[in-house]
Amino acid sequence: MQKDIRVIVVDDHPLFVRGLELLLPEVSDGRAEVVAATGDAAAAASLVRRTVPDLVLVDLHMPPPGGVRAIAAIRRSSPRVRIVAMSGDEDPAPALEALRAGAEGFLPKTSEVADVLQPLLSILDGWAVLPAELLGALLGPGRGNRPAPVDLDAPERQLLQLIAAGATTTEIALQLHVSERTVKRLTATLLRKLRVSSRTEAAALAGSAGIL
């Protein structure tokens, strides 16, 4: 049985926070709950230290010191917590700054709460979750010149497709009929073969190569 998921929300929009507090337990069958929230970015790191959550959701567009600095402070003080950046606009620049500051993923605030649960579970399982357009921004202007992984065999291509789709380690293990330990070993081998250092880069490469 999977454990309960304790979530902290760092956001200065009370209605958004209240919506998560009410709906997240409902869509997760009681597995996920908001255990604390703050609208003060400067207070986020100390709140995380006191509460010890599994996940922290941080709005990037907050009053000074702002969401990105809150993420950096949380990462320094609580290195094991998983951090998800959120934004209500389509500008990729703040999201990229958030990833550099220590966030493991990014979710648009326009997402339905029911659609947020699976990405959060994937992030808890060690995966990075990013919208396709943000993956493209991560690749940068030279994305079209990046070599496609044409030497992948069928099992490797299947694994890459599952990674790019945001499947968790458990889901990949079930799909491939192997153990979770084997999935982690195969993933590490695939990353080396693709000459990338993270699952996020592998997913971005899959998109640019037309494997999705």
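Contact here means heavy atoms within 4.5 Å. By that rule, and leaving aside neighbours within four places in sequence, Ile 74 is in contact with Ala 44, Ala 45, Val 48, Val 56, Val 58, Pro 79, Val 81 and Ile 83. The model is predicted, with local features needing pLDDT of at least 70, side-chain atom pairs counting only at pLDDT 80 or more, and totals for chains, interfaces and linings using all residues. Residues are numbered from 1 along each chain as its sequence is written, and side-chain values use heavy atoms, with hydrogens and water left out.

A nonpolar core is a set of buried Ala, Val, Leu, Ile, Met, Phe, Trp, Tyr and Cys residues joined through side-chain atoms within 4.5 Å; buried means under 20% relative accessible area, exposed over 50%, and partly exposed in between (1.4 Å probe, protein chains only). The largest such core has 28 residues, of which Val 56, Val 58, Leu 60, Ile 71 and Ile 74 touch the most other members. Among the elements giving two or more residues to this core are strand E1 (5-10), strand E3 (55-59) and helix H3 (66-77). Helices (H or I, at least four residues) and strands (E, at least two) are DSSP runs, numbered from the N terminus. A second, separate core of 20 residues includes Leu 24, Met 86, Leu 107 and Ile 123.

The strands can be followed next. Two strands pair if DSSP finds at least two bridges between them, and an open sheet of five strands runs in the order E2-E1-E3-E4-E5 with parallel pairing. Strand E2 (32-38) and strand E5 (105-108) stand at the edges with a single partner strand each, so one side of each is left without a neighbour in the sheet. E1 and E3 pair in the parallel sense over four bridges, and Val 7 has Leu 55 in E3 as its bridge partner.

Most residues other than glycine have a negative phi, and most peptide bonds are trans. The peptide bond from Pro 64 to Pro 65, however, is cis, with omega near 10 degrees, and Pro 65 lies in the loop between E3 and H3. Val 52, in the loop between H2 and E3, has a positive phi, near 50 degrees, and counts as exposed at 58% relative accessibility. Thr 168, by contrast, counts as buried at 8% relative accessibility; its contacts beyond four places in sequence are Gln 118, Leu 121, Ser 122, Asp 125 and Trp 127.
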